[in-house]
Amino acid sequence: MKNNLISFVYFCCSIIIVKIQLAGAEYELSPKDALSAYGCKESVFVKQKSGIIKYNIDEPFTNLCWFITAQTQSNIVISFSYFNIQPQEELYFPPLQGNGDGDCGNYLFVQDASTKLSYVKKSKSNRFCSSFSSSDVFPIVMKTDRVLIQLVARINLSYYQVSGFSLKYSIVEKCQSNLMMERYTVVTSINFPGMYPTISCSWNITSAHKHPIEIVINSFQIRPTSRLLIYDGSNSNSDLLGVWISGNKGDTITTSSNKVFIQFQPGNQTFNPTYTGFNITVKAKGKT
């Protein structure tokens, strides 16, 4: 396998052994463990909190693995940018397939690999094959300290027009932020601009120069059951300034002090690619 076939953006992939502390028991996962437990012929271990994993197929492969590792149990969010690992005459859709060997010649498997090294039978909900775009699949959220992404091939792809896959991942320990702001900051939903997971988030923002704060909508496409709440102070006990729901366009809210508390309630999961989340600018009034 050529090393340059596996490309990563935003992080270095030179880590060979990952040490994890969980529930008072430290253990290691080495390439040998990955081979014996999961059948990985080649493995890469990453611990960065966010990044992009990209694989371009230009020669036959067998069984490649990526292990995304958090320091503690967290929400690990995975979303696809593009995906095409199946020859066109072998396509299956929808991309979520069952457990049988006959379902897909080649597939990508996303698995919770948290605390044991024994092979876990592939589950229906996390196995992907065929070809699809980012708008076809809802972001995957796993509450764990480690996720395995495994690329398995049963069909020799050297004669077919297939491109590979690209995905974004982020490790969200607690979606709670305390920010001291000089001039402005930008707040977005997880995975913006794309379908967002059902994870509640909050931001407690303070203007360093004692100026009131303006909140301006840049982009706002949320689900009907979602809402964004703005409080005039440092927590949800402060006066409520406004509630933004689906359909809000271009509103601006100004606080009476140099503090604002923003709370996002994602509501129920709804599959709709047009619900790309929100992007808002929070700025100190009078500062540019």
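**Close-up 1. The disulfide of C40 and C65.**
The predicted model holds 2 disulfides, a disulfide being a pair of cysteine sulfur atoms within 2.5 Å. A disulfide is a covalent bond between the sulfur atoms of two cysteines. This view shows C40 and C65, with their sulfur atoms 2.0 Å apart. The torsion about their S-S bond is about -85°, so this disulfide is left-handed. C40 sits in the loop between α1 (31-38) and β4 (42-46), and C65 sits in strand β6 (residues 63-84), so the pair ties together parts 25 residues apart in sequence. Helices (H or I, at least four residues) and strands (E, at least two) are DSSP runs, numbered from the N terminus. C40 has a relative accessible area of 3% and is buried. C65 is buried too, at 1% relative accessibility. Buried means under 20% relative accessible area, exposed means over 50%, and partly exposed lies in between (1.4 Å probe, protein chains only).

Two notes apply to every view. Residues are numbered from 1 along each chain as its sequence is written, and side-chain values use heavy atoms, with hydrogens and water left out. Because this is a predicted model, local features need pLDDT of at least 70 and side-chain atom pairs count only at pLDDT 80 or more, while totals for chains, interfaces and linings use all residues.

**Close-up 2. The disulfide of C175 and C201.**
Here the sulfur atoms of C175 and C201 are 1.9 Å apart. The torsion about the S-S bond is 95°, and the link is right-handed. C175 belongs to the loop between β11 (164-172) and β12 (176-181), whereas C201 belongs to strand β14 (residues 201-207), so the pair ties together parts 26 residues apart in sequence. C175 and C201 are both buried.

**Close-up 3. An open sheet of 5 strands.**
The strand order is β12-β14-β19-β16-β17, and the pairing is mixed. At the edges are β12 and β17 (239-244), each of which pairs on one side only. Neighbouring strands of this sheet are turned by 15° against each other on average, direction ignored. For such angles, axes are lines fitted to C-alpha atoms (for helices over the stretch in contact), and angles run from 0 to 180 degrees between N-to-C directions. Strands of a sheet pair through backbone hydrogen bonds, either parallel or antiparallel. Two strands pair if DSSP finds at least two bridges between them. Between β14 and strand β19 (residues 259-265) there are 6 bridges, and these strands run antiparallel. In this pairing, S202 stands opposite Q263 of β19.

**Close-up 4. S166 and its contacts.**
S166 is part of strand β11. This serine is buried, at 5% relative accessibility. Leaving out residues up to four places away in sequence, S166 touches I52, I53, K54, F80, S81 and Y82. Contact means heavy atoms within 4.5 Å.

**Close-up 5. N126 in a loop.**
N126 lies in the loop between β7 (106-112) and β8 (127-128). N126 is buried, with 14% relative accessible area. Residues up to four places away in sequence aside, N126 touches L108, F109, V110, I140 and M142. From N126 to F109 is 5.9 Å, C-alpha to C-alpha, and the two are 17 residues apart in sequence.

**Close-up 6. F45 and F67, a stacked pair.**
The whole structure holds 12 aromatic pairs. Rings of Phe, Tyr and Trp (its six-membered ring) pair if their centres lie within 6.5 Å; planes under 30 degrees apart count as stacked, over 60 as edge-to-face and the rest as tilted. The ring centres of F45 and F67 are 5.1 Å apart and their planes meet at 15°, so the pair is stacked. F45 is in strand β4 and F67 in strand β6, so the pair ties together parts 22 residues apart in sequence. F45 is buried, at 1% relative accessibility. F67 is buried as well, at 0%.

**Close-up 7. F220 and F278, a tilted pair.**
The ring centres of F220 and F278 lie 6.4 Å apart with planes at 45°, so the pair is tilted. The pair links distant parts of the chain, 58 residues apart: F220 is in strand β15 (residues 213-221) and F278 in strand β20 (residues 277-284). F220 is buried, at 4% relative accessibility. F278 is buried, at 0% relative accessibility. One aromatic cluster is formed by Y196, W203, F220, W244, F264 and F278.
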